[in-house]
Amino acid sequence: MKIRVLFLGLGLLLLIGCNSSQSIVEPSVKSKALDALVAQKAFQIDLDWAYPLATGTLNRIATSGLLPPGSTASSISLIGNSNYFRMYGDSIVMDLPYYGERQLAGDYDTSKNGIKFKGIPENYEVQKNEKKQSYEISFLIRNDRESSRVFVTLFPDHIANININSSHRTPIRYKGQILGLTKNANIVIKD
């Protein structure tokens with residue numbers, strides 16, 4: 001009888017413990033600041049790392065020593081590399097380096113090697129994850145012949161992940177810091 005009560009008590013504690021892990025995280029000062037940035041649609045992400053799909057070609061490039069110091073085929077440092085993702089109102093401007101393989105033939109113009117976009121994206125959606133106090137933003141961009149689905153995750157500690165799935169390239173993920181933009185930000189888009 002005592003063993004049965006002991007097991008019942010342990011089982012009850014286990015259920016209570018599992019249930020409490022699914023509770024909503026209380027908003028912090030940083031998460032409230034993130035709420036304001038998303039509501040204003042005025043932020044920038046400075047990217048520090050790129051995480052390409054580690055293919056055989058990227059592994060050969062990594063072993064040849066052509067990647068920046070501290071980088072591997074699946075984790076490339078972007079420190080010192082000019083890159084940005086900016087959102088201001090409905091407009092997005094991004095210029096990201098690309099590491100990976102093209103699946104379909106592209107241009108020979110080396111200025112188009114990265115992932116670049118300037119304009120208003122299609123199918124823009126924002127969802128807040130109340131449990132984690134994070135945001136998930138998704139949209140579609142098109143450049144010339146290529147289209148890409150972009151997923152941006154903004155975390156309350158002001159870290160962001162950007163995942164890009166392209167019609168012509170292998171997938172890539174970026175990680176960086178979220179910064180606010182002022183009203184004087186020079187990214188007004190008129191094409």
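A salt bridge is defined here as a side-chain nitrogen of Lys or Arg lying within 4 Å of a carboxyl oxygen of Asp or Glu. The structure is a predicted model, in which local features need pLDDT of at least 70 and side-chain atom pairs count only at pLDDT 80 or more, while totals for chains, interfaces and linings use all residues. Residues are numbered from 1 along each chain as its sequence is written, and side-chain values use heavy atoms, with hydrogens and water left out.

The structure holds 5 salt bridges. One of them joins the side chains of Lys 128 and Asp 35, with an N to O distance of 3.1 Å. Because Lys 128 belongs to strand β6 (residues 122-129) and Asp 35 to helix α2 (residues 29-40), this pair ties together parts that are 93 residues apart in sequence. Helices (H or I, at least four residues) and strands (E, at least two) are DSSP runs, numbered from the N terminus. Lys 128 is partly exposed at 30% relative accessibility, and Asp 35 is likewise partly exposed, at 22%. In these terms, buried means under 20% relative accessible area, exposed means over 50%, and partly exposed lies in between (1.4 Å probe, protein chains only).

Another salt bridge is formed by the side chains of Lys 41 and Asp 90, at 3.0 Å from N to O. Lys 41 lies in the loop between α2 and β1 (42-52), and Asp 90 in the loop between β3 (84-88) and β4 (91-96), so parts that are 49 residues apart in sequence are tied together. Lys 41 has a relative accessible area of 23% and is partly exposed; Asp 90 is also partly exposed, with 48%.

The side chains of Arg 142 and Glu 122 likewise meet in a salt bridge, at 2.9 Å from N to O. Since Arg 142 is part of strand β7 (residues 134-143) and Glu 122 of strand β6, the pair ties together parts that are 20 residues apart in sequence. Arg 142 is partly exposed, at 47% relative accessible area, as is Glu 122, at 35%.

Asn 83 is located in the loop between β2 (76-77) and β3, and counts as buried at 9% relative accessibility. Contact, meaning heavy atoms within 4.5 Å, is made by Asn 83 with residues including Asp 46, Leu 78 and Pro 97.

Leu 58 lies in helix α3 (residues 56-64) and is buried, at 4% relative accessibility. Leu 58 touches Pro 52, Leu 53, Ala 73, Tyr 99 and Gly 100, leaving aside residues up to four places away in sequence. The C-alpha atoms of Leu 58 and Glu 101 are 8.3 Å apart in space, although the two residues are separated by 43 residues in sequence.
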